[in-house]
Amino acid sequence: MKLSHSVTYAIHAVLRLVNSGNIAPVNCGKLAADGKMPERFLLQVLRDLAKAGILHSTRGGRGGFLIRRPIEMITLLDVIEAVDGPITAALPLKADFPDDTGERLSSILENVTANTRQQLHEVRVCDLAKPLATPGTLIPFRPRSQGTDG
C-alpha cells in the first residue's frame, strides 16, 4: 500500500498538532514550516481534515487548527479517508478477464481491502504520537464561536 503525499502531510500535521498539546490553534504556515511541507497544499489537506471532524479551524490572527476529537478516537483510517476518500477495491472497467476470473479477482481484492481497512482502523493517532501525547494527556478541545476556516 502506498500513501499519497496528501495523506502523508495529513498524518504529519495531525501528529504535530497532537504533540503541540492542543492548547492553542496552530496556523497552517507554522505547521508547514515546521514539517517542511508546502503551505498551499497543506491548507487543503487541513481543510479536508476539518471537514471530516478530525480538526477544528478558527479564523483570524490567532486562528489555526486544533484536534477536535480525543486522540484515542482518531484512527489512521479516519485520516487517510478524510483526505483521499474511501479505500475501495476496484478493477479498471476495461479489464476483460476470461470466464469468471474477473469476479474471483474482485472478490479477492474486496477481502484484501476489508482487511486493510480493519488494520488501519485499529491504529489510533495516539499510537503514532510521541509518548508524551498518550490518551488523556491533552486538554480537551472546546469549540469557540468563531468561524470555521483556518
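The legends below describe close-up views of a predicted model.

In this predicted model, local features need pLDDT of at least 70 and side-chain atom pairs count only at pLDDT 80 or more, while totals for chains, interfaces and linings use all residues. Residues are numbered from 1 along each chain as its sequence is written, and side-chain values use heavy atoms, with hydrogens and water left out.

**View 1. Helices H1 and H4 cross right-handed.** The axes of H1 (residues 5–19) and H4 (residues 76–84), helices being DSSP runs of H or I with at least four residues, come within 9 Å and cross at roughly 130°. From H1, Ser6, Val7, Ala10 and Ile11 take part in the contact, and from H4, Leu76, Val79, Ile80, Val83 and Asp84, where contact means heavy atoms within 4.5 Å. Sorted by class, this contact of H1 with H4 has seven nonpolar, one polar and one charged residues.

**View 2. Helices H3 and H4 also form a right-handed crossing.** The axis of H3 (residues 39–51) comes within 8 Å of that of H4, and the two cross at roughly 115°. Val45, Asp48 and Leu49 of H3 meet Val79, Ala82 and Val83 of H4. By class, the contact of H3 with H4 has five nonpolar, no polar and one charged residues.

**View 3. Cysteines Cys28 and Cys126 are buried.** Cys28 has a relative accessible area of 7% and Cys126 one of 8%, where buried means under 20% relative accessible area with a 1.4 Å probe and protein chains only. The structure holds zero disulfides, a disulfide being a pair of cysteine sulfur atoms within 2.5 Å.

Terms used. Buried < 20%, exposed > 50% of the residue type's maximum accessible area, 1.4 Å probe, protein only. Axes fitted to C-alpha atoms, helices over the stretch in contact; angles between N-to-C directions. Left-handed = near helix turned anticlockwise from the far one by under 90°. Nonpolar A, V, L, I, M, F, W, Y, C, P; charged D, E, K, R; others polar.
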